Amino acid sequence: MGKKRVLLPVNEVNLTTVKYQHEVVQAPQLTGFFLKFFGRLLEFTLIGSLILHFMKKHNKIIELFQNTVIPETPMFKPEFPPQEPEAGVNVVEEERKPEERVESALTCLMHYDPSSSWSAVSTTSFRYWKIRDYAYAYRSRIATPSMVAERIISALQEFENKKPPAPLLISFNADEVRKQAAASTQRFEEGNPLSILDGIFIAIKDDIDCYPHPSKGATTWLHEVRPVKKDAVCVSRLRRCGVIFLGKANMHELGLGTTGNNPNHGTTRNPHAPERYTGGSSSGPAAIVASGLCSAALGTDGGGCTIRIPSSLCGVVGLKTTYGRTDMTGAICDTGTVEVIGPIASSVEDVMLVYAAILGSSPANKISLRPSIPCLPNLSSYESSNALGSLRLGKYTEWFNDVFSTDISDKCEDALNLISETHGCKMVEIVIPEIDHMRMAHVVTIGSESLCALTPDYEDGNGKKLTYDTRINLALFRSFKGSDYVAAQRVRRRIMYYHMEIFKKVDVIVTPTTGMTAPVIPPSALESGESNLPVTANLMRFIIAGNFLGLPAISVPIGYDKQGLPIGLQLIGRPWGEASILRLAAAVEELCCKPKKKPLSFYDILKGN
C-alpha cells in the first residue's frame with residue numbers, strides 16, 4: 001500500500017521552497033534480440049503487468065497518479081485566459097485566403113536586396129537559400145521550378161544509393177513532382193505566380209495527408225485501413241499558394257519516439273553527422289530541410305513526436321504554434337489535446353511565410369479556445385525594435401543547466417547575453433514548480449490519447465506489425481487507467497496556473513531546446529529498432545510545456561558543440577504569442593548563426609552545384 005500524499009492547492013504553493021529535481025529515468029536500453037524479447041514479454045498479460053508496475057513504481061508514476069490527492073479540477077484541453085495584445089505586429093486575418101496572408105507576411109520581413117544576397121553567396125561563408133531567393137530566381141529566369149525539380153529528383157536518386165542508407169522520404173513520385181513543377185513554371189512564364197510560395201518545394205511528414213500520397217505514419221500498414229482521399233487542411237492551404245509537394249517525409253513510427261529510428265523504412269540520418277540520429281519524430285522533415293533539398297517542411301509536434309527536437313539536432317528552425325492555432329484536420333493525430341502541425345525551415349523568415357499560409361483554427365477550436373487574432377512581427381519597423389528591447393526573458397537556471405553537456409547550456413547562455421547586450425532584453429529569474437509532475441502527466445496524456453486512436457486497428461491484428469519500440473510504448477500506455485488520465489488533467493490545471501503566473505512577470509521563457517545534441521545510432525538499432533528512455537528524457541527535457549499546456553515555442557539554431565553538432569535555443573511564448581517568439585527568434589538568428597556550418601550532406605539545389 002502506498003502512503004497517501006496531499007498536494008496543496010496550487011495558489012497556496014510557496015515558490016521559495018521549490019527545489020528542482022533532476023530527472024532520472026529508470027528503464028533498460030535495448031536493441032536487437034533483447035529489444036524483441038522485452039517487447040514480447042510485456043505483451044504477456046501477467047508478466048507484462050508485473051514488469052510495467054515495477055517500472056511505473058520506480059519512476060514515481062504510481063505515487064503521483066494513484067497515491068496523491070490533487071485538489072484541482074481536470075483541464076481536459078488547454079484553457080487560456082485572455083492575453084494582452086502584442087506590440088509591433090501586423091494582423092494576419094485568418095479569414096483571408098492563404099495566398100493573401102502570405103503576401104501580408106512578406107510586408108513584415110526586412111528588405112530583400114537580390115544583388116547583395118546573390119553576390120554574398122559566392123564570397124562569404126555557407127548559407128541556406130531562402131524562399132525569397134528562389135522567388136527571385138524564378139522571376140528573373142535564372143531558374144525555373146522544372147529545372148529545380150530535376151535537380152532535386154537527381155539528388156534524391158543519389159541519396160537512395162548512399163551507404164549507409166539514409167531515406168528521407170517514405171512516399172515519392174518523380175512524375176507527380178514534375179507535373180506540379182511544370183504547372184508552376186507555366187504560371188511564371190505567363191506572369192501569374194500564385195504567391196511568393198509558388199514553385200517552392202515542401203515535404204510533408206508522413207502523418208499529414210497529402211493527396212495522392214498515402215499516409216502510413218511510417219508503419220507498414222496504416223494506409224490500408226486509413227486511405228487518403230484529400231489533402232489535410234494545412235496542405236490544401238499551401239497548395240493554393242502554388243507550393244510543390246515533394247512527397248511524404250520519413251518519421252519515427254506513429255510519432256512515438258524522439259530519435260527518428262525506423263526499421264520499417266530505414267532510419268533518416270543527421271546531415272551534420274550521418275552516424276547520428278536526426279531526432280524525431282519529424283526526422284525526415286528536419287533532415288530534408290537541413291540537406292538543402294527543400295526550403296521548408298511540415299511536421300507535427302506533440303511532445304513524443306516533435307518539430308523542435310529534430311530542428312535543434314539538425315540545425316534548422318522549427319515552430320510549434322499555440323494549440324488550436326492551426327487546423328489539424330487531415331492529420332493522423334488530429335483528435336488529441338497536445339499535438340499541432342507546424343513548419344520547419346532553414347530560417348525564421350521562411351518559417352513565418354509558411355506559418356502565414358497554414359494558420360487558421362478549426363471551427364470547433366474557434367468556439368472552444370477563442371483564439372486571439374493571429375499576428376506576425378513587423379521586423380522592418382522601428383516599433384518592432386522597441387518591442388524587442390522591452391521583452392522580459394524568463395530563465396529557470398537550475399532547469400536551464402540540467403543538460404548532458406555544458407556545451408549546450410554555455411552556448412545558450414552566450415546567446416542570451418548577446419541578445420540582452422545588443423537589444424536590451426531583460427533577464428528574469430523564474431521558478432517552475434512540479435516539472436517532474438508535468439512530465440509524467442504528459443506521458444499519460446499523449447499515451448492514452450494515442451492508444452485510444454490506435455486500439456481498434458491494434459486489436460484487429462495490426463499491432464503485431466508495429467516495431468518493437470512502438471509495441472513497448474503501447475504496452476506502457478495500456479497499463480494506464482482512466483483515473484490516471486483524469487489525474488493527469490488535474491496536473492495540467494496546476495501547471496497551467498504556474499505558467500500563467502510566470503507570464504505576468506515575463507514575456508518569453510528561454511531554455512535549451514534539448515538536453516543533449518544528436519545521439520549516436522547504435523548499429524544494432526537499425527534492423528529492429530531501439531528503446532532508450534534515458535536518451536528520450538534528455539531530448540524531451542525542455543519540450544513538454546509547449547505540448548502539455550499548448551504554448552507556442554520555437555527552436556532556433558545558435559551554434560555548435562565541440563563535436564560540431566548543432567545546438568538549439570528554445571523560446572516559449574504566452575498563449576497565441578507567436579509574434580513575440582518569432583521576433584526574438586529572428587534577432588537571435590541574426591546574432592548567433594554566423595558563421596553557419598555546412599552540413600556534410602548538403603545539395604545546392606538552386607545553383608545546381
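The following legends describe close-up views of a predicted model.

View 1. Eleven strands make up an open sheet with mixed pairing, in the order β5-β7-β6-β10-β12-β11-β18-β19-β16-β14-β15. The edge positions are held by β5 (169-171) and β15 (426-429); each has a single partner strand, so one side of each is left without a neighbour in the sheet. From one strand to the next, the twist averages 35 degrees.

View 2. Strand β5 pairs with β7 (residues 244-249) in the antiparallel sense, over 2 bridges. Within this pairing, Leu 169 is placed opposite Ala 249 of β7.

**View 3. Strand β16 and its two pairings.** Strand β16 is joined to β14 by 2 bridges, and these two strands run parallel. Here Leu 393 stands opposite Val 508 of β16. Between β16 and β19 there are 5 bridges, and the direction is antiparallel. In this second pairing, Thr 511 faces Gln 570 of β19 as its opposite residue. Of the 5 residues of β16, 5 are buried, so the strand is largely enclosed by the rest of the structure. In a regular strand, side chains alternate between the two faces of the sheet.

View 4. Leu 7 belongs to the loop between β1 (5-6) and β2 (30-31). Its relative accessibility is 11%, and because buried means under 20%, Leu 7 counts as buried. Leaving aside residues up to four places away in sequence, Leu 7 touches Thr 68, Val 69, Ile 70, Pro 71, His 437 and Arg 494. A separation of 48 Å lies between the C-alpha atoms of Leu 7 and Ala 166, which are 159 residues apart along the chain.

**View 5. A nonpolar surface patch including Phe 44.** Phe 44, Leu 46, Ile 47 and Leu 50 form a nonpolar patch on the surface, and together they have about 440 Å² of accessible area. Phe 44 is located in the loop between α1 (32-42) and α2 (45-58). With a relative accessibility of 51%, Phe 44 counts as exposed, because the term applies over 50%.

Technical notes
Residues numbered from 1 in each chain as written. Predicted model: local features only at pLDDT ≥ 70, side-chain atom pairs only at ≥ 80, totals over all residues. Heavy atoms only, no water. Patch = residues over 30% accessible without salt bridge, like charges linked within 9 Å, V, L, I, M, F, W, Y side chains within 5 Å. Areas by Shrake-Rupley, 256 points an atom, 1.4 Å probe, with all protein chains shown as cover. Salt bridge = Lys/Arg side-chain N within 4 Å of Asp/Glu carboxyl O. Helix = DSSP H or I, 4+ residues; strand = E, 2+ residues; numbered from the N terminus. Buried < 20%, exposed > 50% of the residue type's maximum accessible area, 1.4 Å probe, protein only. Pairing = 2+ DSSP bridges. Axes fitted to C-alpha atoms, helices over the stretch in contact; angles between N-to-C directions. Contact = heavy atoms within 4.5 Å.
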